Amino acid sequence: MFSANKGQSMQPIHKVASGGELSRVMLAIKSLVAKTSALPTIIFDEIDTGISGEVALRVGELMEELAENMQVISITHLPQIASQGNSHFKVYKEDKGNKTKSNMC
């Protein structure tokens with residue numbers, strides 16, 4: 001059950017949460033699990049869906065804090081998040097004939 005706004009009744013998260021709200025809830029859950037599980041690596045795949053500006057900057061800062069105790073891998077399109085990283089890789093897809101191949105450089 002979820003409510004993103006003051007005074008709004010709790011409802012099933014899949015019915016009322018926006019993409020950005022789902023991203024922030026997932027970040028919160030993963031962060032809590034990571035802090036209590038001593039994970040060596042945590043991966044965020046487009047955790048930035050539906051966010052921008054100051055919220056994206058804060059998400060990047062939270063991920064940087066997590067990186068103090070574990071390896072954090074993030075697939076992102078936002079500079080506010082990417083700017084918090086120490087290493088950057090370009091991931092892209094390439095069509096060859098009837099196949100699509102994912103690459104990284």
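**Local contacts and helix packing in the predicted model**

Leaving aside neighbours within four places in sequence, S9 is in contact with F2 and S3, contact being defined as heavy atoms within 4.5 Å. S9 belongs to the segment before α1. Its relative accessibility is 47%, so S9 counts as partly exposed; in this classification buried means under 20% relative accessible area, exposed over 50%, and partly exposed in between, with a 1.4 Å probe and protein chains only. The structure is a predicted model, in which local features need pLDDT of at least 70 and side-chain atom pairs count only at pLDDT 80 or more, while totals for chains, interfaces and linings use all residues. Residues are numbered from 1 along each chain as its sequence is written, and side-chain values use heavy atoms, with hydrogens and water left out.

Helix α1 spans residues 13–16 and contains H14. K15 is also placed in helix α1. Helices (H or I, at least four residues) and strands (E, at least two) are DSSP runs, numbered from the N terminus. H14 is exposed because its relative accessible area is 64%, and K15, at 64% relative accessibility, likewise counts as exposed. For K15 and M1, which are 14 residues apart along the chain, the C-alpha separation is 9.6 Å.

The packing of helices α2 and α3 was examined next. Two packed helices are described by the angle between their axes and the distance between the axes. Helix α2 (residues 19–37) and helix α3 (residues 53–66) pack at an angle of about 15 degrees, and their axes are 11 Å apart. Helix α2 is therefore roughly parallel to α3. Angles under 35 degrees count as roughly parallel, over 145 as roughly antiparallel, 65 to 115 as roughly perpendicular and the rest as oblique. The axes are lines fitted to C-alpha atoms, for helices over the stretch in contact, and angles run from 0 to 180 degrees between N-to-C directions. The crossing of α2 and α3 is left-handed, a term applied if the near helix is turned anticlockwise from the far one by less than a right angle, with clockwise giving a right-handed crossing.

On the α2 side, R24, L27, S31, A34 and K35 meet V55, V59, L62, M63 and L66 of α3. By class, this contact of α2 with α3 comprises 7 nonpolar, 1 polar and 2 charged residues. Here Ala, Val, Leu, Ile, Met, Phe, Trp, Tyr, Cys and Pro count as nonpolar, Asp, Glu, Lys and Arg as charged, and the others, Gly among them, as polar. S31, located in helix α2, has a relative accessible area of 11% and is therefore buried. A polar atom of the S31 side chain lies 2.7 Å from the backbone oxygen of L27. In helix α3, E64 is partly exposed, with a relative accessible area of 39%. E64 and G19 are 45 residues apart in sequence, and their C-alpha atoms are 22 Å apart in space.

The loop between β1 (41–45) and α3 includes E46. Most residues other than glycine have a negative phi. E46, although not a glycine, has a positive phi of about 55 degrees. This residue, E46, is partly exposed, with a relative accessible area of 33%.

Strand β4 (residues 99–104) contains N103, which counts as buried because its relative accessibility is 14%. Residues up to four places away in sequence not being counted, N103 touches K90, V91, Y92 and E94. The side chains of N103 and E94 make a polar contact at 3.5 Å. A polar contact is a pair of N or O atoms within 3.5 Å; within protein, one must be able to donate a hydrogen and the other to accept it, and residues adjacent in sequence count only if both atoms are side-chain atoms.
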